[in-house]
Amino acid sequence: MFIGAIGCEPLQLRRVNLENSRSIETYRKNGGYEALRKVLDRMSPDVVIGEVKKSALRGRGGAGFPTGMKWGFVPKDSPKPKYVVCNADESEPGTFKDRYLMERDPHMLIEGMLIAAYALGSKATYIYTRGEYRYLIEIMDRAIEEARAAGLAGDKILGTEFSCEIYTHTGAGAYICGEETALLNSLEGLRGHPRMKPPFPAVAGLYGCPTVVNNVETLTAVPDIIKMGGEAWQKLGTEKSGGTKVWSVSGHVNRPGVYELPMGYEDMEKFIMEDCGGIPNGRQLKAVIPGGSSVYIMPASDIVGKKVKMDYEGLVAAGSMVGSGGFIVMDDTVDIFESTKNLTEFYKHESCGWCTPCREGTDWLVKVFKRIARGEGRPDDAQLLLDIVDNIEGKSFCPLGDAASWPIQSAIKKFPEDFKRHLLPLTNGKESGKEGLPTI
Amino acid sequence: MPAELIKVTINGQEFETDKGARLIDVCREKGFAIPSFCYYADLALQASCRMCLVRIEKMPKLQTSCTITCTDGMIVTTESEEIEKAQRGMVEFLLANHPLDCPVCDRGGECELQEMVFDWGGLEERFTEKKNYAPEKFLSPIVANDPQRCILCKRCTRVCDEWMGEDAIEAGGRGSHTVIGTYGGWLNCSQCGNCIEVCPTGTLLDATYRHQTRPWELSRTISTCTFCSDGCQLSVGSRGGEVMRVVARDRYVNGLNGEFLCIKGRFAHPFVNHEERLRTPLIRYKKGGKLIPATWDEAIRYTAAKLRAVLDAHGGESVGVVGSPRLTNEANYALLKFAREVVGTNNYTATEAFSLVPFFENLGAPLATHKDIRHAKTILLIGGEPEELQPLTGRQIRQAVRNGGAKLVIINSVPIRLKHAASQFIQIRPGTEDAAVLALASKDDAGVAARKLNVEAGALEQVRQHLNDAQGDVIVMFGGELGAEAQSLLAQLSFTFGEKEGRRFLLHPLPLFNNSLGVHDLGLMGGALNPLEILDAAGAQLRAMYVAGSFLRTHLEGREDALSKLDFLVVQELFQTATTEHADVVFPAASFAEVDGTYTNNDGFVQRVRQSIPPIHQSKPDWMITAMLADALGTDFGFQMSSSAVFLELAKQIPAYEGLRYPLLKDESNPVQARHALVGQRDVSAQLVELRSLVEGIEETGETTTQTPPVGHELFKLGTLTSKVPQFHLLAAGNPEPESVLISPLYQITIDPALRDEAAVAGD
């Protein structure tokens, strides 16, 4: 498995391949905690937020919301305590970057969180990992202890007036707890379901206090932004998508792994065929899900020869999204009907049950998919699937409903043949001739 | 502060509305129907059913109108093809795994989901897959659950949490496997049944009524609850002379309690048609003999003759007349009239647990209504346990704290459940509630009071400070622990603290019975003797007694033989009790479901009791029995067999009820408060001196308990009425979990009949 940077100096992945990369010594030897020192010595919280704004850093969890702006929403004059929460509930299918960042370079996350806490005036921060990442809690706890022993966490960090605690917490294994408000509920010990927005967490989050919830990769980008300066960091990427992005590449490529690319990397086809070593066994590329399972699937025809730019704008233009950067490559052995069925079962399993469309809709979708897979597909089932999806999309309480809808919409639209094959029923040995698909 | 008016456009029409008003409420108020399941006024927003979707200009997606507050210039569309498609889509989703078993569902005919489908019509079922299955089961002796019908609106879990503060039911599982369940599989709560009431579908069901009848077969009568002093309005559903159920569903009744009722109001009604109801008048011809059935004529004649004999031999003062705070104002008025005009005695009283006469004599501030409590800013509760004894008041307090941010101060000798809502809880030594009032009324006595209360003086000072600094409504509530002097001082508390801009003192006594206030208003509690004294006088000064209802267990303790010393005892009752044991004549009285009349609740609201079924067997309304007896003794009461005539006369005689008529009381959503005379500032220094010496005499002993009393320790207590309901026996026995939750626990757990016999005579 490959872990490293392509097309740029490794920033996020600078230390991951070093020996003993988890230890504070390795981290410090390689520029660690310099940014924190700089912030505490010379920068006011507003200046820190200003640098993050300049960096055009966008949230790496999936929604891509500008991080500086999110930090700016936290009311400065609020008498309530403020919290920074790291969202390490990395549950998007196909995404495993945060895991490696935490596993191999935990101190980078700690430094990022401390800088964020300083910028937002927070005295307590939380790392919330998914239930399956329990082992990472041990790694993080050890790193936090190391940091505390070195005077980098807890009371009077680096001898300054700034004090901040870092706590770790694991979920019980629910995809929905990656949604920031559901995460906060879970962190508070409540049922993991999303909260109503507004109020947004920046105003009333954890325990009703102003809270910023950031993805691991977002926070680990912060030390470099501080060290390099926001503008310089932004210039690594494009104007609206600054810096570098870590992609988790899986599926039918010769060299899957964790890749750090500059934002705006020029060609997705080149990335797959050259950087990732191409498709194994001489097979053809069929489809790519570029940003974790919740984004639109891209057929090879939208990639090959199209010079798809790998950043927020480029992927939207190409008909998909960056999402969480979970880059899934599929060759021509894949039946898109089956892969979509698999994904839909995931969403059904992970629907929290709060709102009607997502709870009942995903249940229904899976039942239809299973029926089709049993060979009982009816000619109008594709239309039925699209109708159900249409009644979920945009009407659910949180984005999970949308996330469940988009893969199905795009799969039926982009790969009608894969569905048709399952739907056309045989009558007397002859195909019924009735078209099972809407005209697209 | 009046809200700012803004303009919103709904479906092309412009309306003015308050800024910040909830869009769904505004649309509905203006006549645009918006479907919803999970939205419920004054509960936390849920926004999960996704039915109330509307289009708001400049917003990217359809929005749930329950979560949107109106802003100026908002342009809203509530009816369009897009919206209807979305809403139909939601109903289709809700029906997907729904069993569609309306023909056998208890909620069929009054189900919100069913109505939604019927309203729209033309719903095609495209869901042809296998439905998820979950068996129907019992959650408690009172709550049954059919999870398949659930649409997960979570009204039930929210009322459980927000109204009751119990959090006994919660959703379990996730996704399409989410079910409403309990912690540990069996529902251990106060069994109020509010979850059943607010359920829009047939998911949570009244296990006592299940499969008994269909809702459209019931005739419904709006009436007033006959248990505690909160006076909840309810709808009695009856069929063929039988009370089948009691609900507070807002489509049938809209009283001060909304859809709230407690276990007693909702589930204790089976006493009405119970087989042990007295069927005919009974006469005990010989002391120590048996009660023998008689005709009304004979019983009335016999009683009149016996009373006449006592009157002739010993005079009017030898006869005691005892009313009951359980009975209507009409019944008690007739008794009072009987005592004054027929017998000519001052020896009358009512079987009330405690007297509020000193309180009303010094009433310096108006009585608080339940609505006032909900919107109060400060609530002081001295003694009492409203969540068990006046559950509606308990809910209003919780809502005031939770939704209104009210400060709740509790002074109690027991850590009652409500303390979790309190911003200050002061636990005092048992029996020292009077000292707490002394500390509030007189700053100089705070030291000695604190010593007697066994609390720090600072805590009481803090309460005084709270009351002094308070803005908005300050509601002072108290239970039955207070003595006469303390009651007087509390009634005058507003003058102790003096006038202050923006602060209003309101008083809220917490008597125990449905018409406790009524017997005080009528003056029945102002007789020469109190219930204990009247029992002590039996056989001495008193030779005969006429009792409507029964003495309480607490009255008869240590006085078990008192009634047997009488020459003649007449009782009118529903059941055999400890009081009828000594009776020479027993008249079968009609229960609240069989009579017309009024009760006065602890707000001072005079509310109607309406006849929903004809009197059972040969029973008659209490006032009628009294009038018949008076007639036989030569006095025509002129009631012409009509309770409205009784009330008319009552309203002429009783100043607080002046001008009231039945037609003025007909709207339960707009109750009429009796005009209790406010006496203004009184000189209460004598009471203060008396209270001071009382407090100084309190012994500084007594164990305080740290144990919060279990849920239902008062609610589930078996009394004359509740002991007639088998479910109450299970609850009183600790609500044991049966072996199988698929079968009613009544068939699995044996009820000890001795318990009922013991409770039946209690009289409470």
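The model is predicted, so local features need pLDDT of at least 70 and side-chain atom pairs count only at pLDDT 80 or more, while totals for chains, interfaces and linings use all residues. Residues are numbered from 1 along each chain as its sequence is written, chains are lettered from A in the order in which they are written, and side-chain values use heavy atoms, with hydrogens and water left out.

**Domains of chain A**

- Chain A splits into domain 1 (2-236), domain 2 (247-331) and domain 3 (336-431); the bounds come from an automatic or database domain assignment.
- Between domain 1 of chain A and domain 3 of chain A, the C-alpha centres are 36 Å apart.
- Their contact (heavy atoms within 4.5 Å) draws on 14 residues from domain 1 of chain A and 10 residues from domain 3 of chain A.

**What the domain 1 and domain 3 interface is made of**

- Together, domain 1 of chain A and domain 3 of chain A bury about 910 Å², with 77% of that on carbon and sulfur atoms. Buried area here is the accessible area (1.4 Å probe) that two parts lose on being put together, summed over both.
- A:Tyr175, A:Ile176 and A:Pro194 provide 51% of the area domain 1 of chain A buries against domain 3 of chain A, more than any other three residues.
- On the domain 1 side, the residues touching domain 3 of chain A are six nonpolar, four polar and four charged. Ala, Val, Leu, Ile, Met, Phe, Trp, Tyr, Cys and Pro count as nonpolar, Asp, Glu, Lys and Arg as charged, and the others, Gly among them, as polar.
- There are zero salt bridges between domain 1 of chain A and domain 3 of chain A, going by a side-chain nitrogen of Lys or Arg within 4 Å of a carboxyl oxygen of Asp or Glu.

**Cis peptide bonds in chain A**

- The bond from A:Lys197 to A:Pro198 is cis, with omega near -10 degrees.
- Next, A:Pro198 and A:Pro199 are also joined by a cis peptide bond, with omega about 5 degrees.
- A:Pro198 sits in the loop between α8 (180-187) and β5 (211-215) of chain A. Helices (H or I, at least four residues) and strands (E, at least two) are DSSP runs, numbered from the N terminus.

**Positive phi in chain B**

- B:Arg50 is not a glycine, yet its phi is positive at about 60 degrees; B:Arg50 lies in the loop between α1 (23-29) and β3 (53-56) of chain B.
- With 8% relative accessibility, B:Arg50 counts as buried (under 20% relative accessible area; exposed is over 50%, partly exposed in between; 1.4 Å probe, protein chains only).
- B:Leu100 has a positive phi near 55 degrees and is partly exposed, at 38% relative accessible area.
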